Structure formats: C-alpha cells, structure tokens
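Please keep the structure in view while reading the points.

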Amino acid sequence: MTAELIDRTTSDVYRSYVYAYPHKTAYRPLDPAPSLADVWADEARDALFLYLHVPFCEMRCGFCNLFTRTGAPDELTRAYLDALDRQADAVAAALGPATFATAAFGGGTPTYLTAPELDRLCRIAGRFAPGVPLGVETSPATATTDRLAVLAEHGATRISIGVQSFLDEEARAAVRPQKRAEVEAALGRIRAAGFDVLNIDLIYGIDGQTPATWRQSLDAALAWEPEELYLYPLYVRPLTGLGRCARDWDDHRLELYRLGRDHLLAAGYEQVSMRMFRRPGTGGGTEYCCQTDGMVGLGAGARSYTAALHYSFEYAVEARHVRAIIDDYVAARDFTTARVGFALDEDERRRRHAVQSLLQAAGLDRAAYRARFGGDAADHLDLAPFAERGWLTETPDVLRLTPEGLAHSDAIGPALFSPRVRALMDAYEAR
C-alpha cells in the first residue's frame, strides 16, 4: 500500500506540509467529552511544551490556511485574553503539578497584540512556564520596538519572522503587501533587541520567481546572519487566496528547493529537516520533541497532545467560520473538557513516532523506537519502497532519509498515514 501511495503523491510533491500527525482534519467531536483531569491523569508531566495561540493577523496572505482572522477590534483582543485566562485556570487545575521545558507563541501573528496585551500574554504563559526558553512568531509590520521590548523583558529567546521574499514584486504575487525597506527595518529592530535566535522564513515557488530572484532573497536573508532559516515551498490550499487562482504552481519548486538547500549548506548551515536550516552551535532551546513530549495548548487554535489523545477546538480557514469559532471561544466559561480530537492507539503512536522522526535529518533512532514500542520500525511499517527509490538508508542504529528523500518529505509523510487517518482527512469538509 505504501508503494501505491508514493506513486500517487510523487507527481504532487508539495501537496501539504506534514508538521503534525494526525492532521487536524482527522479530528472529530469527542462524545462524551472527557475531562482534562482524566486526559492528563496518567501522563508524564515533567517536561511539557506550552503553546499559546493568537488567532489574529493584520492581513491574510494568499498562501495562508492558518486558523486566523484579520481586523480584530480592541474589544475582541481583550475578550480573547480574558478567555485565555479562564482556560489557563482550568488547564492548570486539571494538570496539577507539572513542569514545562519550553514554550512558544504562534498564530496568526502573536505580535498583532499591542505591547500591553503581549505583556499580559507573557504573564499567562509565565504561570505555567516561568523562565523557560520562549519562541515567538512575528511579522515585519508588527515587530515594533515596544512589542519586542516586552518579549525581551519576559525572556523570549527566539523570534521567527515571516519574510517570504525580499523582492517587492514577489511579495505582491504571494498576496503579501510589504516593502523590502519595512522588512529590513524590522530585522534591524529584532537584532537590536538582542534575542538569542533570529529565524527568517522564506518561500520558494512564488509566481514569477526564478532561480536568480530566489538566490537574491537567500542572500538578503544571509546578510542578517540568522541563526535559523526555514525554506517553505508555496502551498496552494483550498479556501486560500491563491487556491482560488487557476494556475499550475508545481513545475519548478523542486529545482528551487535544491538550489536553496545547496546555497545554505555552502554558507555553513546544517540541514535539520526539509525546511529547517541552522547555523551550527546555535539554537534558542525552543525545539519540541514531538515524538515523546506532551503539549499543552491554550487558545482557540491550539492543540494539546498526550500519548493517547490529541485535542483542540474546531478548525476552519474560511473567514466566517473562523470568526464564529473565535466568538464561541471568547464566550466560553467552561474549559474543563476536551471537545474535538483524535484518540491514538498503539499503531497510530508508532506511525506518529516514525513520521516525526524520519522527516528530520537525524532520522529514526532504532534503539529508542524499540524501547518504546517493543519492535523495529522496519518491521512495523512498510519502509522498503522508500529505500527502493533511493530515499532511505538503513544502519543498525538509524533509519535516515537521503538528501533526495528529505526533498520528498511531503510525499513520504502522507504515505505513512494510517488508513483510518486518510479516511477521516478525505471525509473532512473544508470550511
């Protein structure tokens, strides 16, 4: 079955970004809704990851399918933080004694919030995870001096800024109206604030982008000597601005990926995954070991992960549905149960561990897998088709994707999804 799935997906290498397993489109309402106290009762709580979600942006980019809304008035952001406070109280009571190893703010754009609102967000996070490494996502327009000062005061260690392209015409093509001068000014403010790690996100495959213009963006980013760089292919998804355009986007992305990968490797960066590149010896300590660590998510678009259950709130992309879900979240008074989610049996846990390990350049540690699951990943999953295509190498200690395998991460990931997850994702009605 894996070979058939690979054949089906190889011609569409960039169908989707496999950043989690299972995807939220496999989640369904939980009936009955279990109490959070029961969900977390038997979980290890000594090295948790805290994630706070802010579902607001100043604009929606053409490629964006995140759970976010634009144009949120002040009264809504205040009410959202009030709801976040209530949820934090309920989750803290359900968790009991717990220790967090790292934290992150995502979205949306967390720095859409004003400086005082960001201060409040940091204080909510500090109730769970004081003094731990903190990563925060920002945008050129919202990386203002006062906001960055708040984040620095609260000990943020990593700032990730979505630049996507340093060329104004490419930014417009991605429906991201920004000027290079604004981007450079924001990067200057971030560097001046003194965060340990600067990450710059870039996108390849934008309409009209060429190898030469892609190299220009890469060099413009490298001029800031970022500790990390993420290179994302342009994904065109349902209900996004670009998704409504009748164009073929897939022709040259693989060529641009290889160019970007080789350019960064030549500049001294190490490849961590298909998307992530890092200067050796740097890191903000905000990495999440999704194979084994539990995640506690707060906010309307946040997920929480235990070994047996992944849960969240409803998911949507279309503006009217997103707004309705946020309105329901803001009005809620009871956050003591898990409402929407996916229960993982042993097979799903094995698949998750394998997907999240194989899609990293370090590969799958076979001894760690055996210790957790009592067998070898090569016996539990059909990995032979990857090796036959030259995408996988095998040693007694590690199963690791080759450079070409990493290039095809977005085909390999879905090929390892279970029939149950694929059926749920196929049945999901985009909204």
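1. Terms and basis. Helices (H or I, at least four residues) and strands (E, at least two) are DSSP runs, numbered from the N terminus. This is a predicted model: local features need pLDDT of at least 70, side-chain atom pairs count only at pLDDT 80 or more, and totals for chains, interfaces and linings use all residues. Residues are numbered from 1 along each chain as its sequence is written, and side-chain values use heavy atoms, with hydrogens and water left out.

2. Overview. The chain has 17 helices and 18 strands. Of its 431 residues, 57% are buried (under 20% relative accessible area with a 1.4 Å probe, protein chains only; exposed is over 50%, partly exposed in between). Contact means heavy atoms within 4.5 Å. Among contacts between residues at least 6 apart in sequence, 79% join residues at least 24 apart.

3. Helix α9. This helix covers residues 253–266. The expected span of a helix is 1.5 Å times one less than its number of residues. For the 14 residues of α9 that gives 20 Å, and the end C-alpha atoms are 20 Å apart, which agrees. Its buried residues are R253, L254, L256, Y257, L259, G260, R261 and L264. They pack against β8, α8, β9, β10 (270–271), β11 and α15 (403–407). After α9 comes G268, with a positive phi near 100°.

4. Strand β9. How many of the 6 residues of β9 are buried? The count is 6 of 6 for this strand (residues 228–233), so β9 is largely enclosed by the rest of the structure. E228, Y230 and Y232 point one way; L229, L231 and P233 point the other way.

5. Partners of β9. Two strands pair if DSSP finds at least two bridges between them. β8 (residues 197–204) runs parallel to β9, with 6 bridges joining them. Here L202 has L231 as its bridge partner. β11 (residues 276–278) is antiparallel to β9, and 3 bridges join the two. In that pairing, E228 is partnered by R278.

6. Nonpolar cores. A nonpolar core is a set of buried Ala, Val, Leu, Ile, Met, Phe, Trp, Tyr and Cys residues joined through side-chain atoms within 4.5 Å. The largest has 122 residues, of which L50, L52, F56, L121, F128, I200 and L202 touch the most other members. Helix α3 (residues 74–95) gives the largest share, 10 residues. Domain 1 (1–22 + 345–430) and domain 2 (24–278) both contribute, so this core lies between them. The domain bounds come from an automatic or database assignment. Apart from this core lies another, of 8 residues, among them A174, I206, Y230 and M276.

7. Two loop residues. A20 sits in the loop between α1 (2–10) and β1 (28–29). A20 is buried, with a relative accessible area of 8%. Its C-alpha atom is 7.5 Å from that of Q356, 336 residues away along the chain. T306 is in the loop between β13 (304–305) and β14 (309–312). T306 is also buried, at 6%. Beyond residues up to four places away in sequence, T306 touches V39, W40 and E43.
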